[in-house]
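I opened my notebook for a look at one helix and the core beside it. Here is the model I had on screen.

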Amino acid sequence: MATRARRKGRKTSRANRWTRLEILVLSAFAIAVVGAWLATRDWRPAPPPAPPHHLTAEEARAINAATPFADDHPHAARPFHFRGTPAAREQAIQCLATAAIYEAGSDERGRKAVMQVVLNRLALPQYPKTVCGVVYQGASRVTGCQFSFTCDGSQARRPEHEGWEAAREEAKRALGGAVFAPIGTATHYHANWIVPYWKGSLDKIAQVHSHIFYRPHLRSPIQYGPPQ
């Protein structure tokens, strides 16, 4: 009986040794396969993504020209009549003329268009309710300003003098009810050599020289709240 038990034990031991050997062979084979795969890998850092395509001025002009006008005869804004103290009126004139000069320079129609945009914004609740508040909205925030001259250093880098008196007179008339009708109730504009991200969310309604003007998706003229 003892002899049979020893023989049975030796057979079991041999079976276990073969099982362990097979495991070692399979493990070695797996390691070899993984090693060969790793050797084929390129472990260099992935190249940075290609920068986004920047439109050329010609491409931007073509895109802008292809966008149809939403309204061939936009409604003119209602006259705006400033009501405030003489000091507040002088401040409003200064801010309105400054925006016009830095945004449109010596272009009289361009200056009037910029002033009308500022006054049109006063009619909407998402904008400040004073002329200077609209002009300088966002000038101190890192998220950006509404009128580029207020945050790009233009006033310090290139003080404007030409056309200043004319701009002040235009601002006085705009605050006294004069309306620049060609741009209707536009609240946004941009030069035709750029394509801003917000372009598709507004209605294209007018163009003054190289600047294109947009209004919110409204079906009626802007109605002003209490005069400022």
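My entries on the core, the helix and one arginine follow.

This is a predicted model, so I kept local features to pLDDT of at least 70 and side-chain atom pairs to pLDDT 80 or more, while totals for chains, interfaces and linings use all residues. Residues are numbered from 1 along each chain as its sequence is written, and side-chain values use heavy atoms, with hydrogens and water left out.

**Core.** I looked up the largest nonpolar core and found 36 residues. Such a core is a set of buried Ala, Val, Leu, Ile, Met, Phe, Trp, Tyr and Cys residues joined through side-chain atoms within 4.5 Å; buried means under 20% relative accessible area with a 1.4 Å probe, protein chains only. Leu96, Leu119 and Leu175 are among the residues with the most contacts inside it. Helix α3 gives the most, 9 residues (helices are DSSP runs of H or I, at least four residues, numbered from the N terminus).

**Helix α7.** Its buried residues are Ala167, Arg168, Glu170, Ala171, Ala174 and Leu175. They lie on the same side of α7 because they cover an arc of only 165° around the axis, taken from the directions from the helix axis to the C-beta atoms. They pack against α3, α4 and α5. After the helix comes Gly177, with a positive phi near 115°.

**Arg168.** I checked this one next: Arg168 counts as buried, at 12% relative accessibility. Arg168 touches Glu90, Ile93, Gln94 and Ala97, leaving out residues up to four places away in sequence (contact: heavy atoms within 4.5 Å). The C-alpha atoms of Arg168 and Ala97 are 5.2 Å apart, though 71 residues separate them along the chain.

Notes: Buried means under 20% relative accessible area, exposed over 50%, partly exposed in between (1.4 Å probe, protein chains only). Helices (H or I, at least four residues) and strands (E, at least two) are DSSP runs, numbered from the N terminus.
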